[in-house]
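I opened this model to look up a sheet, a core, some salt bridges and a surface patch. My notes follow the order in which I checked them.

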Amino acid sequence: MKLTNPLKTLTVLFTISFFIFATESCLRNNPDRNESMDEVKPYPHTIDMRQGFNNASRITLSEIADSIQYVVLSKDKQKLIGNVSKIQITDNNIYLISSNEGIVLRFSLTGKFQNSFGSIGRGPKEYLRGSLFTTTPDDDRLIIFKSAMDSYLIFETNGNYIETRDFPVSRTLYDFRNLSDSVFLCTFYYIGSIMKDYISNFINCSAGLFDLDGNPIKLIEHPLKNADISDSDIGNIISMAPSITFFDNRIVLKPAGDTIYEIDSNSITKGYIIDWGNIPHKKSIKELFFFQAEPSDKPSIGSFVLETYDKTYFRVLKGNESIIFEYDKITGTVESMIEDPNNRGFINDLDGGENYFPDYTNRKGDIWITSEDAYSFKEKHSPEFLDKSIAINPEMKENLKTFTNNLKQDDNPVLKIVYLKKHPR
């Protein structure tokens, strides 16, 4: 048996102790480094737009997501699907409205048609085209707001009708989501050219929490509510409803202006404050809420905000230019990427397909989804395009090529579903 040299042992122990001490000291004296190893900064976050404009970057899909999946709706054409609108995706189902029928349809996550809900009309179990819908968070029941009828229908997942309930809210209702067994989030829009005689006395809120009978609980007051607007200017009002995405089972809401909200069934809180510094930007009532004949050279935040565990993404619109901003929720740093006008979205280096930007998220916010008609999908993924594109995963690229080759131009629309990276919490 070989004996250990005592002096050598002491030297090793001293070196290890010094390394630990130095590391701990470094972390104590570098708050950003220490914080980055722990957790995200608390809400509300302040986003430095000057830093974002100065930090040009290349924002790739592989930084955000693990995989992308393409699904043809009802491949066997059991249902003919036109343009797709108002998609909602849950753990087991995809709900959407097809322009062909105007009713809500349910599909499996593989695109197989499951069932429909109600029918078009003014009867007791019917609703008009353009009606809104939401799923319930716990059991995938479907709620359809009967447009212009101040009530909503409730269906079981399999399409069986349950009941109708009154829901008297403003006819400027644009969208709604069921947040719990007792609360809806509703968003509102105001278009003066089609509502001139109505909105002058009824501009109230941008969004709000309501109980199941339509009674307001908490509201985000609209900036125009108490504004002095002349009769001639009312017709020029264009105030679109705030966008709705999800993160961690709460809503990320973006109305016009420089505040982004985090909303659950109990609270409406500020999630992000946009700090423009000395950058001229859209901020006046007229710039934000009145018709502009030409695109403004002053930048403004786009309506859609995507939040992940450690990052937040949104678009900035400036004239005809669109820029994706990335905010790091851990370090507070901001970067940006000018989008290719012919191929907008995050750079799709996962499988080398066209760039990607979603229209909807699931409630956890870890699945993104959008749709495209089959003809356009095949055109954009031509053999020439795919031969030149770059993908970090050759197998995914081969799967995309096979999918595109098998896709027919007259197939139903394609759902493009992105699964985000998992993060420990």
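These are my entries, topic by topic.

**Ground rules.** The model is predicted, so I take local features at pLDDT of at least 70 and side-chain atom pairs at pLDDT 80 or more, while totals for chains, interfaces and linings use all residues. Residues are numbered from 1 along each chain as its sequence is written, and side-chain values use heavy atoms, without hydrogens and water.

**Sheet.** I started with the strands. I use DSSP runs, numbered from the N terminus: helices are H or I with at least four residues, strands are E with at least two. Two strands count as paired if DSSP finds at least two bridges between them. I found an open sheet of 4 strands in the order β9-β10-β11-β12, with antiparallel pairing. Its edge strands are β9 (132–135) and β12 (161–166), and each pairs on one side only. From one strand to the next, the twist averages 20°. Angles run from 0 to 180 degrees between N-to-C directions, with axes fitted as lines to C-alpha atoms (for helices, over the stretch in contact). I then looked at β9 and β10 (residues 142–146): they run antiparallel and are joined by 4 bridges. F133 has I144 in β10 as its bridge partner.

**Core.** Next I looked up the nonpolar core. The term covers buried Ala, Val, Leu, Ile, Met, Phe, Trp, Tyr and Cys residues joined through side-chain atoms within 4.5 Å. Buried means under 20% relative accessible area, exposed over 50%, and partly exposed in between (1.4 Å probe, protein chains only). The largest core has 28 residues, and F346, W368 and V418 have the most contacts inside it. Elements giving two or more residues are β2 (65–72), β23 (300–307), α7 (374–380), α9 (394–406) and β29 (414–420). β2 gives the largest share, 4 residues.

**Salt bridges.** My rule is a side-chain nitrogen of Lys or Arg within 4 Å of a carboxyl oxygen of Asp or Glu. The count comes to 22.

- D175 bridges to R177, with the closest N and O atoms 2.9 Å apart. Both D175 and R177 are buried.
- K380 meets E354 at 3.6 Å, N to O. This pair links distant parts of the chain: K380 is in helix α7, E354 in the loop between β26 (334–338) and β27 (360–361), 26 residues apart. K380 is partly exposed at 40% relative accessible area, whereas E354 is buried at 10%.
- E372 meets K416 at 3.0 Å, N to O. This pair also links distant parts of the chain: E372 is in strand β28 (residues 367–372), K416 in strand β29, 44 residues apart. E372 counts as buried because its relative accessibility is 9%. K416 is buried too, at 7%.

**Surface patch.** Patches take residues with over 30% relative accessible area and no salt bridge, joining like charges within 9 Å and nonpolar side chains (Val, Leu, Ile, Met, Phe, Trp, Tyr) within 5 Å. Areas come from the Shrake-Rupley method with a 1.4 Å probe; for residues, only the protein chains shown count as cover. Y174, I238, M240 and F291 form a nonpolar patch with about 390 Å² of accessible area together. Y174 sits in strand β13 (residues 173–178). Y174 is partly exposed, at 36%.

**Loop check.** Last, I looked at A256, in the loop between β20 (250–254) and β21 (259–263). A256 is partly exposed, at 40% relative accessible area.
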